[in-house]
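Please examine the sequence and the structure shown here before reading the report.

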Amino acid sequence: MNPGNNITERWRNSNILLLGGSAGAFKTIMAILKILPPGLNKPVIVILHRKKNFASDMVPIFRKISRLPVNEISDKQKITPGTVYLAPSNYHVLIEKKGCFGLDVSDAVWFSKPSIDVTFESAADTFAGTCTAILLSGANVDGAAGLLKLKQAGSLTIVQDPEDAEMPEMPRAAVEQDAADYILNTEEIIKLLAE
Amino acid sequence: MDASARNLTTEQITELIDLVRKIHGFDFSQYSQASLKRRITRVLMIKKLDFYDLKHALINDPAFFQVFLEEITVNVTEMFRDPLFYKALNTTVIPYLSTYQHIKIWSAGCSTGEEVYSLAIMMQQNEMKDRSFIYGTDINTRVLKDARKGIYSLRNIKSYAENYQLSGLGGSLTDHFTTLYDAATIHSELKTNILFSVHNLISDTVFNEFELVCCRNVFIYFETALQEKILDLFYNSLSPHGFLCLGSKETIRSEKFKKKFKPINQKENIYQKIESW
């Protein structure tokens, strides 16, 4: 499947970029954060699975590589375009209608907190068809259901090609549930987001 | 039933909130909308109900409301959740409190008691347990029953022990438990000077004066205006220069309350009451 004009336009016109990743997704997320231009016209929300007491060491690493400001999400924080937001470990991230984040400490979903499904479903609820969501490498099935909801709401949904992913289970689950508008490899994803 | 029957509209949520307030006297109108919606949708799924079944049960089945309340409120907690918070508390607040003859602590929204016992263990490690008293409160009577028992699954204790190691409190968490089969029971001497009781942060008032109030990961479920109302309750519940601990991701954003609480540890959201004259 080759990304045509349509996908580029949908990416450009979307109001929010959602990135979901688990095992094996770190490098791709770094590559994406590296190419996103300063003054991007939308916020970037990153849900990355990791161990719960693995502190917030991720933020300084992202700050080094991204040309956009990077924040770890805190409760009721306002969502601003051109900013990267990282889900804190041991919390689910929800998106409130008034344009701020909400946090939740309820049970893990697919053994994950933050769960990609929780944020994607919440984004589908709040932003409906105006998101671009990308699901990357991972060893469980979190994210597929949320991505499908985003697709059904009319958002642009992209899944990393399972063949290209270090851990194919997560993208494969999304493909099998028919949650992907496009299946792209890392190179194609980077190329699209750079436009 | 297909999933769309459980896709609640904002109007339906508002209708349920009104209904619960009128019939049961609990006000959820200032709860964070996205999380409340997720919790209600979850009840529909678990109980296999649609919106109309739920309304019917809330109106006609008095016992159902208790179940609903338990499912709507999030009761997930850990002992020594956020070990670095306990580390900060132990190094910055405890030395200050150690000069007091009596120390009263309030764990607000204590759920099944893990935070209360974590605080009790911290006080014991500092040899301050005998002159401290900890109140654990929640709106949910069922979780308080579990809290009083102080019995936790061994599987959870393993993860709590990991937290405990990182908190740097010294000794081992399992020193404070008796283990039998797959359950770990808090030592009875640790349960002294602890009282669990029902308190509703939204509708109840000041009930004592405290040197330390912990209310962690409760504000995330509330809208900003309600958070401020409860900050006022905490301010009035604290002794002069008393301490307030919020969750690690719960910052005081209100200008009004920034003048009333001084941050002691910005990262862990530990505050100290500023006296106004």
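Predicted model: local features only at pLDDT ≥ 70, side-chain atom pairs only at ≥ 80, totals over all residues.

Residues are numbered from 1 along each chain as its sequence is written, and chains are lettered from A and ligands numbered from 1 in the order in which they are written.

Chain B contains ten helices and ten strands; helices (H or I, at least four residues) and strands (E, at least two) are DSSP runs, numbered from the N terminus. Its radius of gyration, taken over C-alpha atoms, is 20 Å, close to the 19 Å of the globule rule for 277 residues, so chain B is as compact as a globular protein of that length. That rule is 2.2 Å times the number of residues to the power 0.38.

| Property of chain B | Value |
|---|---|
| Span of the C-alpha trace along its principal axes | about 60 × 55 × 30 Å |
| Buried residues | 39% of 277 residues |

A residue is buried if 20 or more other C-beta atoms, placed from the backbone, lie within 10 Å of its own.

In chain A, helix H2 (residues 26-35) has A:Thr28, A:Ile29, A:Ile32 and A:Leu33 buried. They lie on the same side of H2(A), because they cover an arc of only 135° around the axis, the arc being that of the directions from the helix axis to the C-beta atoms.

The contact between the chains takes 18 residues from chain B and 17 residues from chain A, where two residues are in contact if their C-beta atoms lie within 7 Å. On the side of chain B that touches chain A, H2(B) gives the most, with four residues.

How values were computed
Buried ≥ 20, exposed ≤ 12 C-beta atoms within 10 Å, placed from the backbone.
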